[in-house]
Each structure stands twice: as structure tokens, then as C-alpha cells.
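Subject: Structure handover

Hello,

Here is the structure for you to take over. Please open it alongside this message, as the notes below follow it element by element.

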Amino acid sequence: MAKKDKKQQQINIKNKRASFDYEFVDTFTAGIVLTGTEIKSIRAGKASLVDTYCYINNGEIWVKNMYVALYEEGSYNNHVERRERKLLLNKKEIINLRDDTKSPGFTIVPVRLFINEKGLAKLVIALARGKKEYDKRQSLKEKEDRREMDRAMKH
């Protein structure tokens with residue numbers, strides 16, 4: 001595969017629902033521990049962050065319910081589609097996240113999955129506070145206003 005091809009196919013899988021349901025307080029970029037067939041599926045763009053969340057267990061941070069499609073040519077080496085995957089962060093970052101999530105209303109949500117320039121899969125996670133119903137309505141109103149302004153500028 002030529003270098004031009006690699007740069008043209010940018011993998012950028014987003015969790016669009018997360019920004020609607022949560023207000024992001026802080027974001028981190030974490031590495032993911034993957035098997036060979038998982039990274040191949042992600043590079044093909046066959047992954048989803050719908051209904052995923054992160055939790056901390058024994059000083060390690062894990063992502064749960066992240067969907068990575070089976071690799072077509074994986075044979076018996078193929079992975080489980082929705083297995084829990086370990087995330088790689090500094091110990092200090094994990095401790096800060098653990099302390100922050102102890103306060104009510106805070107959680108850790110995956111926001112974006114991408115492949116960096118070195119070819120490694122990275123997951124952007126956010127310390128998030130759940131939005132109230134009126135906050136969600138406000139977000140929808142702002143989104144509609146931006147759309148109308150864009151339409152007005154085009155015409």
C-alpha cells in the first residue's frame with residue numbers, strides 16, 4: 001500500500017450520541033490493547049462506539065461494549081466483537097479519573113476512535129457530566145440555529 005493511500009483513508013469513528021447526552025469536562029487520548037484481527041477491522045473502518053463506556057478496575061481503565069466487527073480473513077484467530085478492552089493511560093491520569101468519577105453525575109465516555117500517524121489505534125475519552133433534559137433542548141436549539149445560519153450564508 002502506497003503512502004498516499006494511507007493518508008487518504010483517515011479512520012475517525014465518533015460517538016455522536018456522547019456529545020448530546022454529556023457535557024465534557026476533560027479529555028484524554030488513550031492507547032488500546034488490541035489483537036491483530038481487531039486492528040485490521042478498525043483500519044477497515046468497521047468499529048462503533050455506540051453505547052460504550054469506560055470503567056476503572058484495579059488501577060486499570062477498561063472500555064466496555066465497544067464494537068469491532070469480525071475480520072473477514074481472520075479464521076479461527078478472530079476476536080470477540082464486544083469484548084472489554086484495556087486502555088493505556090498514565091497512572092496519574094487514571095488516579096485523577098478515578099477520583100473525579102467518585103463524585104455523583106460524572107462518568108467516562110469514549111468520544112472518538114482514530115488511527116494516529118504511527119498507525120496505532122487511539123481512543124479519545126472524556127470525563128463527562130450528564131446533561132439535564134433542558135440542556136439537551138438547548139443543544140438542539142443551538143444546532144438548528146447553526147444550520148439555519150449556514151443555509152442563509154449559502155443562499
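Which two strands form a hairpin, and how many residues lie between them? The strands are E8 and E9, with five residues between them, and Gly119 in the turn has a positive phi of about 90°. Helices (H or I, at least four residues) and strands (E, at least two) are DSSP runs, numbered from the N terminus.

Before the rest, some notes on the basis. This is a predicted model, in which local features need pLDDT of at least 70 and side-chain atom pairs count only at pLDDT 80 or more, while totals for chains, interfaces and linings use all residues. Residues are numbered from 1 along each chain as its sequence is written, and side-chain values use heavy atoms, with hydrogens and water left out.

Strands around E8

E8 and E9 run antiparallel and are joined by nine bridges; two strands count as paired if DSSP finds at least two bridges between them. Within E9, Ala128 stands opposite Thr107. E8 also pairs with strand E1 (residues 12-14), again in the antiparallel sense, over three bridges. There, Asn12 has Phe114 of E8 as its bridge partner. Seven of the ten residues of E8 are buried, so the strand is largely enclosed by the rest of the structure. Buried means under 20% relative accessible area, exposed over 50%, and partly exposed in between (1.4 Å probe, protein chains only).

Nonpolar cores

In soluble globular proteins, nonpolar side chains tend to be buried together. The largest nonpolar core here has 25 residues, and those with the most contacts inside it are Ile61, Leu87, Leu89, Leu97, Leu113, Leu123 and Ile125. A nonpolar core is a set of buried Ala, Val, Leu, Ile, Met, Phe, Trp, Tyr and Cys residues joined through side-chain atoms within 4.5 Å. E9 gives the largest share, four residues. Apart from this core lies another, of seven residues, including Ala18, Val109, Phe114 and Ala128.

Leaving aside neighbours within four places in sequence, the residues in contact with Ile125 include Asp26, Phe28, Cys54, Ile61, Leu87, Leu97 and Val111. Contact means heavy atoms within 4.5 Å.

Salt bridges

How many salt bridges does the structure hold? There are eight, a salt bridge being a side-chain nitrogen of Lys or Arg within 4 Å of a carboxyl oxygen of Asp or Glu.

In one of them, Arg83 pairs with Glu38, with the closest N and O atoms 2.8 Å apart. Arg83 lies in the loop between strand E6 (67-68) and strand E7 (85-88) and Glu38 in helix H3, so the pair ties together parts that are 45 residues apart in sequence. Glu38 counts as buried, at 0% relative accessibility, whereas Arg83 is partly exposed at 25%. Glu38, Arg83 and Arg85 are linked in a network of salt bridges.

Another salt bridge joins Lys86 and Glu60, whose closest N and O atoms are 3.1 Å apart. This pair links strand E7, which holds Lys86, with strand E5, which holds Glu60, across 26 residues. Lys86 is partly exposed at 28% relative accessibility.

Glu84 and Lys64 also meet in a salt bridge through their side chains (2.8 Å, N to O).

Regards
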